[in-house]
Amino acid sequence: MKISAHITFFYRDEQIDDRWTNADKKFPYLKKIIDEYNNYPVNVDIYIHSNKNFDLGIINHNAYNNGTLKLVKHNLNKYILFKGKNYYLTWASRKIIKNQRDKYDIFIYQEDDILIPRNAFNYWQQNKSECLENKLNLGFLRIELKDGVEYISDLEKKLSKKIEVNKRQYLINDVNPYCAFWIYDKNELNAWINSKFW
């Protein structure tokens with residue numbers, strides 16, 4: 001089994017306070033994500049999609065040995081007429097993902113501040129098939145930490161609807177399913193690519 005993981009990393013050089021650039025603050029998060037993939041039980045090829053080239057040595061890429069690590073630079077200048085052109089970077093990986101559709105078993109997309117712990121991946125792998133068989137998509141909640149307290153950042157209200165599948169209960173997220181991340185197996189990905197939503 002092999003995973004293709006795509007990380008969107010919008011690189012900014014400008015100072016955002018008296019000491020740090022945006023990139024300085026974001027590189028430790030990116031390194032943490034890569035370190036976590038190094039602990040996954042299967043090989044993970046990582047593709048970092050960025051608007052600028054940068055030295056992967058900054059994130060100690062030589063320590064990554066659970067697959068390959070590649071930087072893919074995208075030119076966003078063609079979107080200069082659109083406000084918020086940096087948001088187009090979130091779609092830039094799709095062409096590569098589509099070309100990889102038969103080369104990997106699992107596909108992950110995430111933004112550069114999303115950590116997918118190994119135990120969350122294992123949970124998805126163990127439970128996704130029974131959910132799919134019941135026309136459900138196993139999703140995740142994005143949790144942020146502030147001063148040691150966990151917050152669910154994407155939901156304005158508590159989830160209350162539940163569904164039982166094979167004597168296991170799942171919460172239904174019909175409030176806001178967006179969490180800047182998705183994970184699909186090859187069949188799910190190909191169904192999405194062949195749909196009008198791709």
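Tutor: Helices (H or I, at least four residues) and strands (E, at least two) are DSSP runs, numbered from the N terminus. The model is predicted, so that local features need pLDDT of at least 70 and side-chain atom pairs count only at pLDDT 80 or more, while totals for chains, interfaces and linings use all residues. Residues are numbered from 1 along each chain as its sequence is written, and side-chain values use heavy atoms, with hydrogens and water left out.

Student: In which loop is N51 found?

Tutor: The loop in question also holds F54 and N66. N51 is found in the loop between strand 2 and strand 3.

Student: Is N51 buried or exposed?

Tutor: Buried means under 20% relative accessible area, exposed over 50%, and partly exposed in between, with a 1.4 Å probe and protein chains only. The relative accessible area of N51 is 13%, so N51 is buried.

Student: Which residues does F54 touch, not counting residues up to four places away in sequence?

Tutor: Contact means heavy atoms within 4.5 Å. F54 has a relative accessible area of 10% and is therefore buried. F54 and Y11 are 43 residues apart in sequence, yet their C-alpha atoms are 8.7 Å apart in space. Beyond four places in sequence, the residues touched by F54 are F9, Y11, F27, L30, I48 and L71.

Student: Which backbone oxygen does the side chain of N66 reach at 2.9 Å?

Tutor: N66 is buried, because its relative accessible area is 10%. Leaving aside neighbours within four places, N66 is in contact with Y37, N38, Y40, V42, N43 and V44. A polar atom of its side chain lies 3.4 Å from the backbone oxygen of Y40. The backbone oxygen reached at 2.9 Å belongs to Y37.

Student: What pattern does the chain follow along the sequence?

Tutor: The chain has five helices and nine strands. Of its contacts with a separation of 6 or more, 63% are accounted for by residues 24 or more positions apart. Read along the sequence, the pattern is β-α-β-β-α-α-β-α-β-β-β-β-β-α.

Student: Which residues of helix 5 are buried?

Tutor: Helix 5 covers residues 186-193. At its start, a side-chain oxygen of D185 comes to within 3.1 Å of the backbone nitrogen of N187. The cover over the buried residues of helix 5 includes helix 3 (94-99), strand 4, helix 4 and strand 9. Those buried residues are E188, L189, N190, W192 and I193.

Student: Is K135 buried or exposed?

Tutor: K135 lies in the loop between helix 4 and strand 5. Although not a glycine, K135 has a positive phi of about 60°. Its relative accessibility is 80%, so K135 counts as exposed.

Student: What is the phi of D147, which is not a glycine?

Tutor: D147 lies in the loop between strand 5 and strand 6 (149-152). With a relative accessible area of 75%, D147 is exposed. Its phi is positive, at about 55°.

Student: Which residues lie nearest the centre of the largest pocket?

Tutor: On a 1 Å grid over the protein atoms alone, a cavity is a set of points where a 1.4 Å probe fits but cannot get out, and a pocket is an open set with protein on both sides within 12 Å along at least five of seven lines; lining residues have an atom within 4 Å of a point. The largest pocket is lined by 46 residues. Elements giving two or more residues to this lining include helix 1 (22-37), helix 4 (118-133) and strand 9 (181-185). Nearest the centre of the largest pocket lie F140, L141, R142, C179 and F181.

Conventions:
Polar contact = N/O pair within 3.5 Å; in protein donor to acceptor, adjacent residues only side chain to side chain.
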